Amino acid sequence: IVHIAAINKDRTIDDYQRIYNKIAEKIREDDEYDGYIGYGPVLVRLGWHSSGTYNKENNSGGSYGGTYRFKLENSDPSNNGLQNAAQFLDPIYKEFNWISHGDLYTLGAVCAIQEAQGPKIKWRPGRVDLPESATPENGRLPDAVNGADYVRKFYARLRMNDREAVALTGAHCLGRTHLKNSGFDGPWGAASSSFTNEFFINLLNEQWKLQKNAAGNKQYDSPKGYMMLETDYALIQDPIYLKIVKEYANNEASFFKDFASSFQKLLENGIDYPKGAPEYIFKTLDDQDM
Ligand code: HEM
Ligand SMILES: CCN(CC)c1nc(N)c2ccccc2n1
């Protein structure tokens, strides 16, 4: 399967910055969502899940076709809760319906990370809406009840190495798990909506206890009210991952640099960009004194 980015010469960075600003302003406006965590984290998860169906073996899945908009994909149990992000983006799509769904889902995730004071993420337009027949089957997204071998193998399918896998999981500094969505619960208390390396610091500093939660699923809980999925905890069980976790816990700049490159790679998996294809770095609202 080959997906070539379609470059729309009529659209400039200003057009996409306008959409970025609309999303960023709406994130600020709709601040009450999920107990005042806000829409940032679930927008990041939508961008990740619409890309995480990629399979390097046959270059199938991924963000290109915007197939999350079809029932088969958005009703995948792995996508429980992402309807909130899709509904958030609906009015933005109505106003700017010249953008493809794949570009919108990935732009929303980049916007959410940058507006959470995370790193600047380079973003390239050109994804093209594909028909429903292009929708990948359910089951391509990862399960949380697994160890390091599963995590390594899963990320390899997305062409990600150990550093990229650890960096990407650092996005779990945002948001929370919801029993009704995934059968996992927490963290409780001050849920942060800033993009930082705290996920790695918590992994190393908290005391973790493997417990069964209210849904009977195993997760690691800490006395301070933090939690880790088994796939999170795997990052300190595996010696190679552990070394990288320590690096990111002690060097936020290194985490930011690797996250930015890994996230762009994740969002662009499966797409061939022609030479000279435009690449944008959007300004945050703060950069624009908005
Ligand atoms: C082995 C890989 C991964 C597994 C098993 C996993 C699993 C999960 C689960 C079970 C949830 C809770 C969903 C809910 O209950 O609402 C979650 C939330 C989240 N995940 Fe992951 N995840 C993985 C990798 C990633 C990656 C690569 C990213 C982004 C780069 C990411 C970003 C997020 C975010 C931002 C949330 C919070 C969403 C919200 O607050 O609504 N995750 N993840
Ligand atoms: C770093 C603690 N937090 C956010 C305050 C956290 N920790 C997690 N382990 C986590 C796992 C999946 C989704 C969100 C998550 N959030």
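Let us begin with His 172: one of its backbone N or O atoms lies 2.8 Å from a nitrogen atom of ligand 2. Please keep in mind that this is a predicted model. Asp 232 takes part through its side chain, with a polar atom 3.2 Å from a nitrogen atom of ligand 2.

How much of ligand 2 does the protein bury? Taken alone, the ligand exposes 390 Å², and the protein buries 96% of that.

I turn now to the residues that form the surroundings. There are 15 residues around ligand 2, and those that come nearest are His 172, Gly 175, Asn 202, Met 227 and Asp 232.

The largest share, 3 residues, comes from α10.

My last topic is a pair of packed helices. Two such helices are described by the angle between their axes and the distance between the axes. Here, helix α8, residues 162–169, packs with helix α12, residues 239–250, at an angle of about 50°, and their axes are 10 Å apart. Angles between 35 and 65 degrees count as oblique, and α8 is therefore oblique to α12. As for handedness, the crossing of α8 and α12 is right-handed.

Note on methods:
Residues numbered from 1 in each chain as written. Chains lettered and ligands numbered in written order. Predicted model: local features only at pLDDT ≥ 70, side-chain atom pairs only at ≥ 80, totals over all residues. Heavy atoms only, no water. Near = heavy atom within 4 Å. Polar contact = N/O pair within 3.5 Å; in protein donor to acceptor, adjacent residues only side chain to side chain. Areas by Shrake-Rupley, 256 points an atom, 1.4 Å probe, with all protein chains shown as cover. Helix = DSSP H or I, 4+ residues; strand = E, 2+ residues; numbered from the N terminus. Axes fitted to C-alpha atoms, helices over the stretch in contact; angles between N-to-C directions. Parallel < 35°, antiparallel > 145°, perpendicular 65-115°, else oblique. Left-handed = near helix turned anticlockwise from the far one by under 90°.
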